[in-house]
Amino acid sequence: MDKRRTLYAYIHSILQDRKCKTFRINGMQDHVHIAFDLAPNIALSDIARDIKRCTSIFMNDANGFSYFEGWGKGYYAESFSHQEREGVIRYIVDQESHHQGKAFEQEMEWLTLKAGLRYYPDDWD
């Protein structure tokens, strides 16, 4: 877990440098959830690219991330209202319990359908 905390602190610093407010970061071995307020002068795709690029360099250079083989080519993003923020933060905090017996793809399908979107399994190959 120590390595993850180091990674999350680094992600937070990337967001902070770009004037985004971080609410919560947590994840599992194969993915990360980040709740943040996107600064009005930056595109979501740019912040996703920056996080992936910077953390890839960081993990490849740092000791203790030998398992890291690279990020997937895509990302999933969903907006939430101020009223939903606490629920989103709780969901992110409780990642370990969400993944007991549930694979990453199952979580993505659930999140996509919950948002009222159509799920395309081929998007996660």
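View 1. Buried means under 20% relative accessible area, exposed means over 50%, and partly exposed lies in between (1.4 Å probe, protein chains only). Arginine 49 forms a salt bridge with aspartate 46, with 3.2 Å between the closest N and O atoms. A salt bridge here is a side-chain nitrogen of Lys or Arg within 4 Å of a carboxyl oxygen of Asp or Glu. Both residues lie in helix α2, 3 residues apart, which is about one turn of the helix. Helices (H or I, at least four residues) and strands (E, at least two) are DSSP runs, numbered from the N terminus. Side chains of opposite charge can pair when their charged atoms come close.

The model is predicted, so local features need pLDDT of at least 70 and side-chain atom pairs count only at pLDDT 80 or more, while totals for chains, interfaces and linings use all residues. Residues are numbered from 1 along each chain as its sequence is written, and side-chain values use heavy atoms, with hydrogens and water left out.

**View 2. Aspartate 50 and its two arginine partners.** Aspartate 50 is buried, at 7% relative accessibility. Its side chain meets that of arginine 18 in a salt bridge of 2.9 Å, N to O. Aspartate 50 lies in helix α2 and arginine 18 in the loop between α1 and β1, so this pair ties together parts 32 residues apart in sequence. Arginine 49 also forms a salt bridge with aspartate 50, at 3.0 Å, N to O. Salt bridges link Arg18, Asp46, Arg49, Asp50 and Arg53 in a network.

**View 3. A stacked pair between tyrosine 10 and phenylalanine 58.** The two rings are 4.3 Å apart, centre to centre, with 10° between the planes. Rings of Phe, Tyr and Trp (its six-membered ring) pair if their centres lie within 6.5 Å; planes under 30 degrees apart count as stacked, over 60 as edge-to-face and the rest as tilted. Tyrosine 10 is in helix α1 and phenylalanine 58 in helix α2, 48 residues apart. Tyrosine 10 is partly exposed, with a relative accessible area of 26%, and phenylalanine 58 is partly exposed as well, at 21%. Together with Phe65 and Tyr67, these residues form one aromatic cluster.

**View 4. An edge-to-face pair between phenylalanine 68 and tryptophan 71.** The ring centres lie 5.6 Å apart, and the planes are at 70°. Phenylalanine 68 is buried, with a relative accessible area of 13%, whereas tryptophan 71 is partly exposed at 28%.

**View 5. The largest nonpolar core.** This core has 16 residues; Leu7, Ile11, Leu15, Cys20, Ile47 and Ile51 have the most contacts inside it. A nonpolar core is a set of buried Ala, Val, Leu, Ile, Met, Phe, Trp, Tyr and Cys residues joined through side-chain atoms within 4.5 Å. Helix α1 gives the most to this core, with 5 residues. Apart from this core lies another, of 7 residues, including Ile92, Phe104, Met108 and Leu111. Leaving aside neighbours within four places in sequence, leucine 7 is in contact (heavy atoms within 4.5 Å) with Thr55, Phe58, Met59 and Phe65.
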